[in-house]
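This briefing covers one protein chain. The overall figures come before the local details.

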Amino acid sequence: MRWSNYYLMTAREAPRDAEVISHQLMARAGLVRRLAAGIYTMQPAGWRTARKLMAIVRREMERAGAVELSMPAIQPAELWEESERWFKYGPELLRMEDRHGRRFCFGPTHEEVITDLVRRDVKSYRQMPLNLFQIQTKFRDEIRPRFGLMRGREFIMKDAYSFDATEEGLDRSYQAMYAAYSRIFEACGLEYSVVEADQGTIGGSSSHEFMVLADTGESAVASCAACGYGANVERAEIGALPLPAQGGGSGSGDGARRVSTPGATTVAEVAGMLEVDEASVVKTLIYETDDGLAAVAIRGDREVNEVKLLNVLGGLGLRLASAEQVAAATGGPLGFSGPVGLSPEVRLVVDESARPLAGFVCGANAGDEHLVSVRWDRDVASARPLEWADVMTAEASDPCPRCSGGVLRMSRGIEVGHIFKLGTAYSEKMNCTFSDEQGKLRPAEMGCYGLGIGRTTAAAIEQGHDDDGIVWPVPLSPFTVVLSSLDPGDEAVSSAADGLYEELEASLAPGGFDILYDDRRERPGVKFKDADLVGFPVRVVVGGRSLRAGGAEVSNRLDGEREVVPLDEVPKAVLARLMGARV
């Protein structure tokens, strides 16, 4: 392909709304163009990268036994009502009506549609296992679309759905997809991590996220180097924390007592005034949920993980209560709430880390007062049932929950793939049943497996870039080689570059490599800057200086290493560099 005939327009400046490096570089390198908030045109070079990724995805999906199909993007509301997600999904679901007043949505995902398809055709256990996948445009009406393709409203996703007759079969399908995803990201040349994750609005029993590691990642990941444990911070568990110096012993046998703490509304202020560790203070937060008020008690030195809490409460909404609601629940003002004497209508959840605390400090549910020497069994549980749960946010250096002696480390990642064990969450509600070996009707065991095409390309740029532009892994680069003719008006240079282009095409194309011939009548500096910006893995330069030195200059984008190679040896030298860089 000749650059003069190709639609690749670069820019020196990034759009003003481009906050992250991938968005900035994709816009400057002519890969995407914004049409509306969260909606982008994938320009030819960007689409070439997307097609290369989709080819890898299709190859590995088919290798894992999945079969491709295409489902409608517009879905009838009736299916979503069957699954009970029509209103649960929230405002991100783009709802619409046709001219007859029938309700539809633009699909953000396809669990309902695929379940409806399979329930019409599959009647026996002999027809399973099945795994069906598609690569298709989705839409989620994000309240704040940003970061380009990383958090857009319209996006391309690969989604697959497995159907099995037994839980053991679902386990096998899930592991096959786990392995396929691992092969996909390895084939892309990306550094990634697999972590346990929250199920979110999809539901199901368990899930894993595939994260491309990058310092600019939007998600925090907790992992243990000793045993390999990894989890999204929304789900990460924590091993037993050490007891604080005060408040972790047997506690006072004389009962809890009130102490004056004027103006002390924060844990640090209370701990300083009473000369105790912050971990010996139990802070109590009051939340408003769709089912009423809930109180959460946790060690004062730690933070509540609201995703974990929402899963425990089982509700849909979660908001910190207002001062008026706090007063109604506790009888006291904000900053002095505690687990003793709460209104019986308030649900009380206590973080597991606070269970071993005895003789601790907490709010007295009265202004400028706290309780000391409080015990769970004597002062709290005697008046109401306690609900113990893990609702703590993991932090760096916390004990690993899986191994002895390991500690958690925190890193950043970009979620590019997410796999779920749905079980019968959809098949039961939507009557997707089959006859088992005994002739008994049973709901199918389902799994779903999503992979963001645009997010993965953006994540590759977040992981691979420098001050000059993109540094693509070879498998994802829109073109693997750029051939630059520095003086197309010079007959000797033009002739040598034209001949070399034909030789490179003939020798590299069979191996899956492609060449962009920069034959534009632009200054050498412009060509060099554009080549670095777009990020072609290998650059070949033909100019008067290189010809006088004996051939063409060949260089790597990653390290900038250059050498002048005789013209007849350039294809071999380029191939050697590409194979050395290819994963």
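Helices (H or I, at least four residues) and strands (E, at least two) are DSSP runs, numbered from the N terminus. On that basis the chain holds 14 helices and 31 strands. The model is predicted: local features need pLDDT of at least 70 and side-chain atom pairs count only at pLDDT 80 or more, while totals for chains, interfaces and linings use all residues. Residues are numbered from 1 along each chain as its sequence is written, and side-chain values use heavy atoms, with hydrogens and water left out.

**Overall figures**

- Taken along the principal axes, the C-alpha atoms fill a box of roughly 100 × 65 × 50 Å.
- Buried means under 20% relative accessible area, exposed over 50%, and partly exposed in between (1.4 Å probe, protein chains only); 53% of the 583 residues count as buried.
- The chain exposes about 25600 Å² (Shrake-Rupley method, 1.4 Å probe; for residues, only the protein chains shown count as cover), and carbon and sulfur atoms supply 49% of this area.
- Contact means heavy atoms within 4.5 Å. Among contacts between residues at least 6 apart in sequence, 69% join residues at least 24 apart.
- Lys and Arg count as positive and Asp and Glu as negative, with His and the chain ends not counted. A charge is placed at NZ of Lys, CZ of Arg, CG of Asp or CD of Glu. The mean positions of the 65 positive and 85 negative charges are 3 Å apart.

**Covered helices**

- In helix α4 (111-121), 8 of the 11 residues are buried, so the helix is largely enclosed by the rest of the structure.
- The buried residues of α4 are Glu111, Glu112, Val113, Ile114, Thr115, Asp116, Val118 and Arg119.
- These buried residues pack against β4 (74-76), α3, β7, β8 (154-164), β21 (408-423) and β24 (445-452).
- Helix α10 (residues 453-463) is mostly covered, with 10 of its 11 residues buried.
- The buried residues of α10 include Ile453, Gly454, Thr456 and Thr457.

- Leu53, in helix α2 (residues 44-63), is buried at a relative accessible area of 0%.
- Leaving out residues up to four places away in sequence, Leu53 touches Cys188, Ile453, Thr456, Thr457 and Leu476.
- Leaving out residues up to four places away in sequence, Gly469 touches Leu25, Asp532, Leu533 and Arg557.
- Gly469 and Lys440 are 29 residues apart along the chain, and their C-alpha atoms are separated by 60 Å.

**Aromatic rings**

- Rings of Phe, Tyr and Trp (its six-membered ring) pair if their centres lie within 6.5 Å; planes under 30 degrees apart count as stacked, over 60 as edge-to-face and the rest as tilted. The count by this rule is 14 aromatic pairs.
- In one of these, Tyr181 and Phe210, the ring centres are 5.2 Å apart and the planes are at 50°, so the pair is tilted.
- This pair links distant parts of the chain, 29 residues apart: Tyr181 is in helix α5 (residues 167-187) and Phe210 in strand β10 (residues 206-213).
- Both Tyr181 and Phe210 are buried.
- Ring pairs join Tyr178, Tyr181, Phe185, Tyr192 and Phe210 into a cluster.

**Charges over rings**

- A charge sits over a ring if NZ of Lys or CZ of Arg is within 6 Å of the ring centre and within 35 degrees of the ring normal.
- Lys421 has its charged end over the ring of Tyr174, 5.2 Å from the ring centre.
- Arg520 lies over the face of Trp3, 3.9 Å from the ring centre.

**Backbone details**

- The peptide bond from Met128 to Pro129 is cis, with omega near 10°. Pro129 lies in the loop between α4 and β7 (130-139).
- Glu84, which is not a glycine, has a positive phi near 70°. Glu84 is in the loop between α3 (77-82) and β5 (94-97) and is partly exposed, at 41% relative accessibility.
- Glu275, also not a glycine, has a positive phi of about 55°. Glu275 is in the loop between α6 (267-274) and β14 (281-289) and is exposed, with a relative accessible area of 68%.
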